[in-house]
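Open the model in your viewer and keep the selection tool at hand. This tour goes stop by stop.

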Amino acid sequence: MPKASVIYSFDAECVDGKKCVPFGCGRKNLYSYRMRVERARYFLAAVDTGSFRAAAERCQVSQPTLREQVTLLEEELNVVLLTRSKLGVRLTEAGRSIVPYCRRLTASEEAIHRMAAEVSGTFRGRVAIGSIAALAEVLIAPVASRLLQQHPDLRFEITEASSAEVESKVLNGALDIGIVSAPRTQPPHGITRSQVAEVGLGVVVPADHAFAEMRAIRWSNLESWPIVAMRPGTVIGQEIVSRLPDADVVVRAASARTVRVMVKNGAGIGVLAAVDFPSHDHALTWVPLLDTPPLEICLVHRTDSQPSASALVVRRFIQEQGAALVIA
């Protein structure tokens, strides 16, 4: 490993076609005067995740490649940035002092690409988006359609999961953007939520059920009925646990569609957000719950990272689509 000292060096100049060696620099440094932004990015990924394996997954490269590039960065700077162990990697004092400069370097490169994309009006690349299923239909699908018409080189990767799972994947870098029903708790450290819409919460019953004739309903009306609930870990599932701690939950489902199917087949009363209920399903009726605040639909992204130009334009379109989304 290189010695824990820093040697500042500059690009050598060419004179008459020959490479001049800067004063005080040995041959081992000749190849590495121009810092590669990718190496700084890999180093920051290792710092953020605490391991080369997780950093390689975030950067979508092999672990040996990422480890080699971080080592080359250390050799380039002639300083030890990370200590390695079976438990992962940890910053040295020198590494800690370099982190803010690396963040500025990568942010500057991303800003250049973003500005170039905005000037040219062309966005490209792959944007990974996580969402609960219903929001993928009403928010992501129309946004993707609009963007692909304007920017045919864009590509999308959509992951459907619970809100908690989406936020976790955004935090570890597996997703660029998340769209969630925000839990009624503070976001995890490192995650920023931005509200784009609000949706009402209600019950789903067969069209011939007594509740179907009511204009609204209260949680207390549900206490003696069998409940079809979303599984634990979902925002609605947690809401039911909080509001009806003694409820007879006969089914815990992984999707809103399964809740609707179970209700349609007589299993019990479902609890879903308005966005989870398709207006064309005439066999069921959705009745709003009076004594509960609406669910917040939020964009989530990592607080400490600068999104790509493509991810930023997707975020902007989702915010516009969300502002137009009015659901009781």
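Angles between axes under 35 degrees count as roughly parallel, over 145 as roughly antiparallel, 65 to 115 as roughly perpendicular, and the rest as oblique. The axes are lines fitted to C-alpha atoms, for helices over the stretch in contact, and angles run from 0 to 180 degrees between N-to-C directions. Helices (H or I, at least four residues) and strands (E, at least two) are DSSP runs, numbered from the N terminus.

This is a predicted model, where local features need pLDDT of at least 70, side-chain atom pairs count only at pLDDT 80 or more, and totals for chains, interfaces and linings use all residues. Residues are numbered from 1 along each chain as its sequence is written, and side-chain values use heavy atoms, leaving out hydrogens and water.

**Stop 1: the helices**

Select residues 37-49, helix α1, and residues 52-59, helix α2. Their axes come within 8 Å and cross at roughly 125°. The two helices are therefore oblique to each other.

Now show side chains. Y42, A45, A46, D48 and T49 of α1 meet F52, A54, A55, R58 and C59 of α2. Contact here means heavy atoms within 4.5 Å.

On the α2 side, look for F52, R53, A55, A56 and C59; on the α3 side, Q63, L66, R67 and V70.

**Stop 2: N78**

Move on to N78, in the loop between α3 and β3 (82-85). Its phi is near 60°, a positive value in a residue other than glycine. Is N78 buried or exposed? N78 is buried, with a relative accessible area of 11%. Buried means under 20% relative accessible area, exposed over 50%, and partly exposed in between (1.4 Å probe, protein chains only).

**Stop 3**

Color five strands in the order β6-β5-β7-β14-β8. They form an open sheet with mixed pairing. Two strands pair if DSSP finds at least two bridges between them. β6 and β8 (191-199) are the edge strands, each with a single partner, so one side of each has no neighbour in the sheet. Neighbouring strands are turned by 20° against each other on average, direction ignored.

Zoom in on β5 (residues 125-131). Five of its seven residues are buried, so β5 is largely enclosed by the rest of the structure. Seven bridges join β5 to β6 (residues 154-160), and the two run parallel. Find G125: its bridge partner in β6 is L154.

Next, β7 (residues 177-181) and β14 (residues 295-302) pair in the antiparallel sense over four bridges. G178 has V300 of β14 as its bridge partner. Helix α6 (residues 163-171) packs on the sheet, touching β5, β6, β7, β8 and β14.

**Stop 4: helix α7**

Select residues 235-243. V235, I236, G237, E239 and I240 are buried there. What do the buried residues of α7 pack against? Their neighbours are α6, β7, β9 (201-206), β10 (226-230), β12 (269-273) and β14.

**Stop 5: another open sheet**

Color β11-β10-β12-β9-β13, five strands in that order with mixed pairing. The edges are β11 (248-253) and β13 (284-288), each with a single partner strand, so one side of each is left without a neighbour in the sheet. The twist averages 30° from one strand to the next. β9 and β12 pair in the antiparallel sense over four bridges. G202 stands opposite L272 in β12. Finish on helix α8 (residues 256-264), which packs on this sheet and touches β9, β10, β11, β12 and β13.
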